[in-house]
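Me: I have a structure open and would like to go through it with you. Could you take my questions one at a time?

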Amino acid sequence: MAPKKSKINELVEQTGAMALNPSNTTSSQTADYYHDRKEADRINFARLEKGLLLFIYVYETSKSTLAPEMLFWDHRICVNVITTGKCSKSSDQCRSEHQSSYRQTNLCPYWYINNRCTFGSECQNSHRLEVAPNDHRYIRTETESDVFKLLRFIRNFAGHYIDSIIADQHQLYKDILVVMVHLVHVLSRKNARSIEHLHLFLEKTTVNQMISEENLLSELEKPFSVPEVFFDLRLNYSATWYRPTGNKQDVNFNQLSPEFVTYFNRIFLDYYQGRLKSRGAKPAWC
């Protein structure tokens, strides 16, 4: 019996079937990235597909290395192990992960478990994780964990999105596209003062719907206000999960370590060499 295809191989076939690209201190909003467009120019789901396939590949390739580090940032390590070094339950009975060397005796268990604490600023314990575990190689800051959460969101969005649930699909697609643009810009190889890497990995016509190249590069140097729901590990795609007026979280995509960026540079390069080069695409960094 023929072996089952891996997820990555299935993505290779999907990507191969697609056409190549057709003919500092202020947080940016999605509207900053767009000219006023006619109704006919509205972004639809098809405009995202090339980027979705890329980010499915990036996430699936990186998760075996980075998902264990995300247990810490997702608050999935047992809070008792963190604060006291032990838990009254065995590892098979406790719902949280026990395998961690991280210790922080002043960590507020209510904040850690629920992301909130009724005592607020008057709490005597800490409402922050003070330092990344020593064994973390790549995800050592909140910003790096946020970037991986966004990769995870885009991958899950591609697999679980139900378009009939969301009223303002156009605004959602714009928010996702701008996040994709930021991620490609910081994680892929590129030439300075160029957007050819965006054209290589994303849908060129849609990128060109944005502001001028010079202004786009300027915007990409600023933090971006990302919808908070994009970071939610427990997002329910069967409910009305996105609203354009929902809370935002600023992410400065330029605050990533060289080790983190280099790790993803290799993945983007592998994607180009294995999925795009054979179809005639030219590298955007030569």
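Reply: What follows is a set of questions and answers on this predicted model.

Me: To start with the overall fold, how many helices and strands does the protein have?

Reply: The protein has ten helices and two strands. Along the sequence, the pattern reads α-α-α-α-α-α-α-α-α-β-β-α.

Me: What share of the residues is buried?

Reply: Of the 286 residues in the protein, 49% are buried. The exposed surface comes to about 15300 Å², and carbon and sulfur atoms supply 45% of that area.

Me: Next, the strands. In which sense do S1 and S2 pair?

Reply: Strand S1 covers residues 224–227 and strand S2 covers residues 248–251. S1 and S2 pair in the antiparallel sense, over four bridges. Phe224 has Val251 in S2 as its bridge partner.

Me: Are the side chains of S1 buried or exposed?

Reply: They are buried on both faces of S1. Phe224 and Val226 lie on one side, with Ser225 and Pro227 on the other. In general, side chains in a regular strand alternate between the two faces of the sheet.

Me: Changing topic: how many salt bridges does the count come to?

Reply: The count comes to five salt bridges. One of them joins Arg155 and Glu60, with the closest N and O atoms 2.7 Å apart. This pair links distant parts of the chain, since Arg155 belongs to helix H5 (residues 142–160) and Glu60 to helix H2 (residues 49–73), 95 residues apart.

Me: Why do Arg155 and Glu60 count as buried?

Reply: Buried means under 20% relative accessible area. Arg155 is therefore buried at 17%, and Glu60 is likewise buried at 12%.

Me: Which salt bridge does Lys248 form?

Reply: Lys248 forms a salt bridge with Asp175, and their closest N and O atoms are 3.8 Å apart. Lys248 is partly exposed, at 29% relative accessible area, whereas Asp175 is buried at 0%.

Me: What is the separation in the salt bridge between Lys222 and Glu219?

Reply: The closest N and O atoms of Lys222 and Glu219 are 3.0 Å apart. Glu219 counts as buried, with 10% relative accessibility.

Me: And the aromatic residues: how many aromatic pairs are counted?

Reply: The count comes to 25 aromatic pairs. Among them, Phe201 and Tyr271 form a tilted pair, 6.3 Å centre to centre with 45° between the planes.

Tyr272 and Trp285 form an edge-to-face pair, 5.4 Å centre to centre with 80° between the planes. Tyr272 lies in H10 and Trp285 in the segment after H10. Tyr272 is buried at 5% relative accessibility, and Trp285 is buried at 16%.

Me: Which residues do ring pairs link into a cluster?

Reply: The cluster contains Phe45, Phe153, Phe157, Tyr161, Tyr173, Phe230, Tyr237, Trp241 and Tyr242.

Me: Finally, what does UniProt list for residues 102–130?

Reply: UniProt, in an unreviewed entry, lists a "zinc finger region: C3H1-type" there. In the model, residues 102–130 are 21% helix and 0% strand, and the end C-alpha atoms are 10 Å apart.

How values were computed:
Residues are numbered from 1 along each chain as its sequence is written. This is a predicted model: local features need pLDDT of at least 70, side-chain atom pairs count only at pLDDT 80 or more; totals for chains, interfaces and linings use all residues. Side-chain values use heavy atoms; hydrogens and water are left out. Buried means under 20% relative accessible area, exposed over 50%, partly exposed in between (1.4 Å probe, protein chains only). Two strands pair if DSSP finds at least two bridges between them. A salt bridge is a side-chain nitrogen of Lys or Arg within 4 Å of a carboxyl oxygen of Asp or Glu. UniProt positions are given in the numbering used here, feature names are shortened, and annotations may be inferred rather than shown by experiment. Accessible areas come from the Shrake-Rupley method with a 1.4 Å probe; for residues, only the protein chains shown count as cover. Rings of Phe, Tyr and Trp (its six-membered ring) pair if their centres lie within 6.5 Å; planes under 30 degrees apart count as stacked, over 60 as edge-to-face and the rest as tilted.
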